[in-house]
Structure formats: structure tokens, C-alpha cells
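Here are my notes, jotted down while going through the model. Have a look at the structure first, then read on.

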Amino acid sequence: METITKKYTFKDFASDQEVRWCPGCDDYVILRAMQKALPEMGINKEDVVFISGIGCSSRFPYYMDSYGMHGIHGRAPAIATGVKLANPKLSVWVITGDGDSMAIGGNHFIHVLRRNIDLNIILFNNEIYGLTKGQFSPTSLVGQKTKSSPYGNTQPPFSPGELAIGAQARFFARIGGNTPKEMTELFIEGQKFKGTSLIEVLQNCVIFNDGCFTQFTDKKVREDKQLYVEHGKPMIFGKDRDKGLVLNGLKLEVVTIGEKGITQEDILVHNAKEQDPTLHQMLVRLEYPMVTGVIRSYDDVTLEEREDAVTAEVKRNSKFHKTDDLFFSGDIYQVF
Amino acid sequence: MVTTQSNKQHEILEAVIIRFVGDSGDGMQLTGTQFSGTSAMFGNDIATFPNYPSEIRAPQGSLYGVSGFQVHIGSVEISTPGDEVDLLVAMNPAGLKTNLHAVKPGHTIIVDTDAFTKKNLEKAQYESNPLEDNSLENYRVIEVAMTSLTKEALKNVAGLDNKSITRTKNMFALGMVYWMYDRSTDHTIDFFNKKFTSRPEIIEANTKVLNAGFYFAETLELIPNSYTIAPAKMPAGTYRIIMGNTATAWGFLAAAEKSGLELFLGSYPITPATDILHELVKHKHFGVKAFQAEDEIAGITSAIGAAFAGDLAITTTSGPGLALKGEALGLAMMVELPLVVVNVQRGGPSTGLPTKTEQSDLLQAMYGRNGESPVIVIAASTPSNCFNFAYQAAKLALEHMTPVILLTDGYIANGSSPWKIQSVNDMPEIKNNIVSKYYDNWHPYNRNEETLARNWAIPGTPKLEHRIGGLEKDKVTGNVSYVPENHEFMTKIRAEKIKRVQDYIPEISTEFAEEGDLLVVGWGGTYGSLHSAVKQVNEEGFTNIGFTHFNYINPLPKNTLEVFSKFKKILVCELNNGQFAKILKINFNKLELLQFNKIQGLPFGNSELTEKFKQLVK
């Protein structure tokens, strides 16, 4: 990206299209958070590209006044990879849902993370298929009753973060769909990260899966049920800031500061930049508290950097500068 | 180095077909390639075709592990690798057994007698040794103990293990064939010197064995005379031997340079298309971005992304891969981005015959998508003109803002022929529809009035921010639109855009006769077979048979019906069950068409074609 030459406000990123999500949907929050985050990123508007697959979330690009492509089921990571490889200067965002990226696009999802190309993925997870009107998704819970599981879902769910880190994601963050301020910050963090950043938004579906995350995200319980981690800071949570995480053997344990001789110094300090993903995986898996914020942010070589290095080396050593040099090389002969 | 100083009588031949066969580790592809290269440099026209098993390395000596390389060289125009061979070089019994049927009776077979052991004969399912049971009495069999002679020739070369020694026996065979056809060994010795620079003992060994084979043939009384094939009358210029897949890859390199765009390839390995990927990944120095994707769908969708971002984007595949790309191809059609999809056809359906040739993906290319989804479909017809059609596919995609499917097939993709090298300077201009500045009333679906191509605004361009997608869009603004009349309008304009390509492609012409009793019609990779068969019957006096060949299938050339109407009978020849004939019938429903179809995973044979033609004009 070139240095910014213009100053933007969120309005600059709102397209003239009428937003058509259900009233009360968290998608509005995500849209506004993105429109607020982009002016903070120091990117020219014409360098921003949104690529989506299919689903409610995937209508997102239409509502952004940037470049965008509404693609096909699950393929946004692959389309975005082509955009980024074609022009590495662009800021490329993948917009996807749990159905889109965990099911039909599962393959592209894991491979884009493995490669660590410099893209940003926003995963709208509402644990349901919304656009097709209410079937269970790969993140739906066992026993969940949906249109396609009237007697309860029998397929155990993926945890997107666990899957992502297993696929070598270097950046993973998670946030509730009703916390716009933190969400905006995470989008900015994701953009800053060199490599594939994945941000999972726990997004409520008011029509088909209402209240799916209320137990963590409701304003009344949020502080007690969520741990918002920050790199270099102790993992403390709770309304009274008295709960924290310690490592007990190979398990994370919730403790109370001031009880059983526990002091603030005993609480684990979050290291998002650690290469070893073991602790990050444990944080992702934790059921209580629900860990949000940037869980993993390990700086690694990107695909573009590897490609650039190889290309530079090849260019240095090649005797071919124009295609004619190649065509007229090797075993050629004259006919008179 | 050996030069031919033989004072024996040279019999002058017009053309000869030689096939080298052996185990997949015997170096038959190399042997064939060397003979072809030497002959080409001597000035012959050539056509080659390798034929190897679909297994990586089948068990030694087995019937299904036979690897072969056929070369057809001539002082006359050569348009196919030929079907019946004049000389078979068989390095083992399995090779002899599986290829004997192709040898013309009375013609020559060279065998390595050392390989005709009891064990190898059993593996080849011979009940008795064919060299001893008179079963080869209709052929001239030259029995040579090539393995022992090779060992003898190398007994004083230091630093070679037994395996390396035996491995050079293919050069003994090649040396013999060089002598028989009056070729110099220089080209091959040069090749050794370049290829094995760091291993002088290998250069020495191969050179010694090659010469040993040459001298052996010279002194062997079993070969009474040697043959000469004079140089062919080919247009003056600089040439090289090129494989179809390489030519395809180079056509795209040329198109990228000419158009000033960077080349992006998104691809997933599949036989027989993979060599295009193998070739393009080598050329990072030209700025080629060749991306090996996780699957076929990522191959094409990454290319769509690259096209959106302003690259000359292509994806390469074979039959089953095109099936997987179908949905994405529909998207590319819908968003009207330039994209070339190469389908190197192979035997289908499903996994079918992966290493064999067929033309049965034509209807898939035409219609294998949901909805009304027209794209340009073109087909290359020879190994060397894969270059031109790859270039043309890129030109049409960029100038008309549409996906183009380029069909080749296993036969021309793996085969090779001389290519009169074309400098990029001499290639036609490639325009594009890039819009680099905002203008009043700019919309992403504003169209060029003549071609109907939409303008191409690339991310990174200020003020042209826009969204495209697979949903139907308003004809002017490009915003999502479900208005019924708009959908009908858009469906028709997308069809009309492809139809108008007719104004930018050449008309068809006929060869041998402009009117008459029979018009032979073909398309794509069968050009060589059909052309030489029609030529032959013409020379036999059937001057009322014409030939026309299609490289442009959608849209069809403008004058198609006009050309057809000058003949009493029309025979459509295809390596499928009649797919192009169906397309012709859809376009010209009153046409009466005869069909000649072959669905054996094999190219057309000359005699089957000539018999059919003659029978129809009787």
C-alpha cells in the first residue's frame, strides 16, 4: 500500500446500496466497525478489496464503497489469493460465514492459512445456515434442533480457531458481535499483521439461531464470562477484575485473586507472539471464560516474501529478458 | 564423432516411421527425442508421439509397462506421427508383443536378443520365443545382442557401475538407427556434452556406445543398404522442435509480453495438462506468477481473482478438472472478466483413459455450466499451432472481456513438430479494455459499442471502486438487480457479445476441392490425420473430396453454411460420439451430416479414413 494521501471518514466507505440484512442482525455492527476501522488504517480507498463467498455475510462487499467481488460458495480465500498475488499492494479482505468457510470452502480455508499470504479474513460465525433458512452448520452444537436436524444435530462441531491454528494460522482473534469498539480495534490489528489474519466474530442470527452466544456476549454477563486478552498483559477478567488463568499441569484453570494465596503475579501473562501454538490452542478451546481479543499473532514469513525472494533469485540468474530470448534459445536450427 | 562415409547405395525414401519401445526405464523417450532432433536439424519435417503407461514405473518387462516413442520423418510434409511403422526397435519381448501389430509386413524389426530371456518371455506372456518359432517370418528381423555389445564397448571406461553401463544400451540402438538412415551422431554427442558437463565418464560412455552401435550397423551384413530421407521443402526460417503443451505455455508468455500484462496461472496438476504448469513455473524471470492451487476450483478462482486485479489470467486442466471448474467458469462469464481456461482433453468420462486422447469434452466446454452461460470455445490443431491458439485465446479474452476455453488434446499436447519460431514482434496486437480514469457516467458494465466488451476497472485505480459478483446485475450500474426484463436483457447481451466475436475470427476455407461430392470436416487435434488422409485420396485421383477444419467452435465462422452448401455430402470426423456434429446441427438444422466417429482413445488411422472417404464417393 502506498502512503495515504487522503483523509477518510466512515462515510467514504459506505456504498450507495441499501443494506438488506434482517433488522437487529450483528452484521450491521460488523459493517459499521469495518467502515470505522478503514479510515484508521492509512490505506487509500482504491487499494481496498473485499472478496466474499455466498451467504448473508457475503453480501458485505456490496455495502462497502471499495473494490469488491461477491464470489461463489466457499471460494473467497482462493479468489482473494489471486487478487493479492496479482497485486500485492492491495489490502485484501475475505468476508465469510461459518457455512461458507467451514463446509463448502473448508479446503480453501485451511490452505490459505497454511500459506500465510497477507490477507485478512473476517469469519462471521453464527453457528447456523442463515441464507438457506436455518440448517445446521459445521459449527452448530450437537443436539441443536434446526430445519435439517429436527431431532437434534448429530454432527460434532468444528471450533474455527482450533481448526485455523491447526492449519498453521499465524494470527487468530475472536470477538463478540455486539462489541463494536473492540471489533474495530481487532480489524486494525488484523490489517497491521503481515500474513493471513483471521478474526472470528461470534455473530448472533436473530432469525434462526437467536441468542446463540448470549451466555458470553450479553452485556450483563460479558465481563464475567469473557476474557479479552492482550499481548503482554496478565489474563485477568471479571467485573471485579479478580479472576485469572493459571496453568495447572497441562490444563488451564480459572482462579480467584486473593483466594488460596493467589496473587496477580501468579496469573499467566498472554504471549500472542509465541511461535508454539500450544497455549493458544488451549485458550481457543476454553469453554469458560470465552477468550476474545488477539489470541495468536506470530510474525512469520509471508507467501509473497518467499515468492519475491525466489523470483529475484531467478531473475538474477536468468539469461532471458524477453520471450524471444527463450524462443530462440537451445536446440534451434535454420531452414534456408 | 561419426560422419557417414559409407559408399554403399543409399535408397532414397520420402518418409519413414520409426518406433522405439522398451521398458519405462529404458530411455525410449530420450532415444526418440534425439532421433527426431537430429532429423529436424538435417532438414526433415517431423511429427512425434510418445506413448507411455499411466503407471509411474510399471514392473520391468510387463506388457503394461511398455514405453514407446514414435517419430515420422520426411522430405515431404508430415502432419501426423503416422500409424504403420517401417522400423520397430524393441528392447524387450513385451515391447515386441505390444507393438508388432503396427509394423508393416516385410519391414524391419531390431531386437535386443539379450533381453529375450525365459523370464522376460514369460512376463510378456509368450509361450515360445518369437525369435525362434518362425512367428516373425513376415518381417525382416535384425537380432543384436545389444546389452552384451554395450558392456563390451564400455569395458575400459572407468568409474561406471553395472547399472549405468546397461542403461546406455538405448544409445547402441540409436547409433544403429542413425547409420541406417544416414544421420550424423553430432547432435546427440553435443547433447551429452551439455547435459552431463559434471560427469565426463557418462559423456564418454554414451558417446562410445552410440558410436559402437553406428559402426556395428555399418559392418553388419544383415542391413544391406541404408536409407536417405532428403530435407523437406519447408518455409525458410529459424525452427525448433516443440511439444504441444510447451507451445501452449509459450503462446501465453508471448501474449503477456505483447499485452503488457503480467501472466497469472492458477492450476492443479492433472494428466495430460500438467506440462503447461511445469513449463510456466520455470519462467519467473518474465514475471510469471504460476500458482499451484489446492484443487481445481482454487486453480480457476485464483485466476478469476488475478483477472479482477488486472493480470492476464489463465487456468489449465484436463477433462475431469474442467467439470470441477464449471461453477467458477460461470462466475467469470457472469462478471465478464478475461480468463483463459485450457482443457487438454483426454479419454473420458470420469477418470476414463487419462493417458489417451479423445475429443469428448466439447459439449462440456460449450454447455457444462448452469444457466445461459456462453463463452468462446476454440481448439488448436497441431503441436506447434498450440502456440498461436494460446495467443489467440488470450487476445480474444482480453479484447472481448470473456472467458475463453482453449481445447487441445493429449495427442497434440504430448506430440511434437517443427515450429517456425515466431518473434513476439511479429504477433498481432492485443488491445485491452482497461479503463484507467474516471469519466462522466462511468459504470463497471459500460460496454464497447462494437464488441460489447465491458470496461475493465482494476483495483488500485482511484474513483473506479465497484463491486462485481455472480448475482444478476443492472445493465447500466452493475448493481444487483432481480428485475425480470433486465435479466432477459443481460442474458441476451452476454450471448450477443460472444456472437459478435464472429467479426474478429477468420472464415473457414477448404483444401483440395472447393466444391464436390464430399466435404471432410474436422476440428481440433485431428487436423493432421484428416489432412493427410484427404491428401492421399486426392493424389489417388479423388479430386472431388474437399477438407475443412475448425479451430473456432463458439462462435462458428460466419461462412460455415456457405462452404458446406457446395458439397453433396458432408462427413464430420471426430474422436467422440458426434459432439461437433450436434453443434453443427443446432446451428444449421437443415444440414444433413454424415459422421465418422472413433472412440478408442486413439487417433484416426490413415487407412480407416481413406477407405471411408472412397466408399462415400463411389
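How many residues does the contact take from chain B and from chain A? The points below start there.

1. The contact (heavy atoms within 4.5 Å) takes 67 residues from chain B and 54 residues from chain A. Before going further: this is a predicted model, where local features need pLDDT of at least 70, side-chain atom pairs count only at pLDDT 80 or more, and totals for chains, interfaces and linings use all residues. Residues are numbered from 1 along each chain as its sequence is written, chains are lettered from A and ligands numbered from 1 in the order in which they are written, and side-chain values use heavy atoms, with hydrogens and water left out.

2. On area: the two chains bury about 5,100 Å² between them, 62% of it on carbon and sulfur atoms; buried area is the accessible area (1.4 Å probe) lost on putting two parts together, summed over both. B:Lys284, B:Glu294 and B:Arg467 supply 14% of what chain B buries against chain A, more than any other three residues.

3. B:Lys284 also turns up in a salt bridge with A:Glu307, at 3.0 Å, N to O. The rule (a side-chain nitrogen of Lys or Arg within 4 Å of a carboxyl oxygen of Asp or Glu) finds 3 salt bridges across this interface.

4. Which elements of chain B touch chain A? Among those giving two or more residues are α1 (28–42), β9 (237–243), α11 (296–308) and β17 (467–469), with helices (H or I, at least four residues) and strands (E, at least two) being DSSP runs numbered from the N terminus. The largest share, 8 residues, comes from α11(B).

5. Pairing here needs at least two DSSP bridges between the strands. A:Gln334 has B:Thr238 as its bridge partner in β9(B).

6. Within chain A, look at the open sheet of 3 strands, ordered β8-β9-β10 with antiparallel pairing. β8 (236–237) and β10 (251–256) of chain A are at the edges with a single partner strand each, so one side of each lacks a neighbour in the sheet. β9 (residues 243–248) of chain A pairs with β10(A) over 6 bridges, and A:Leu247 sits opposite A:Leu252 in β10(A).

7. Finally, the overall build of chain B: 20 helices and 22 strands, with a C-alpha trace spanning about 85 × 60 × 45 Å along its principal axes.
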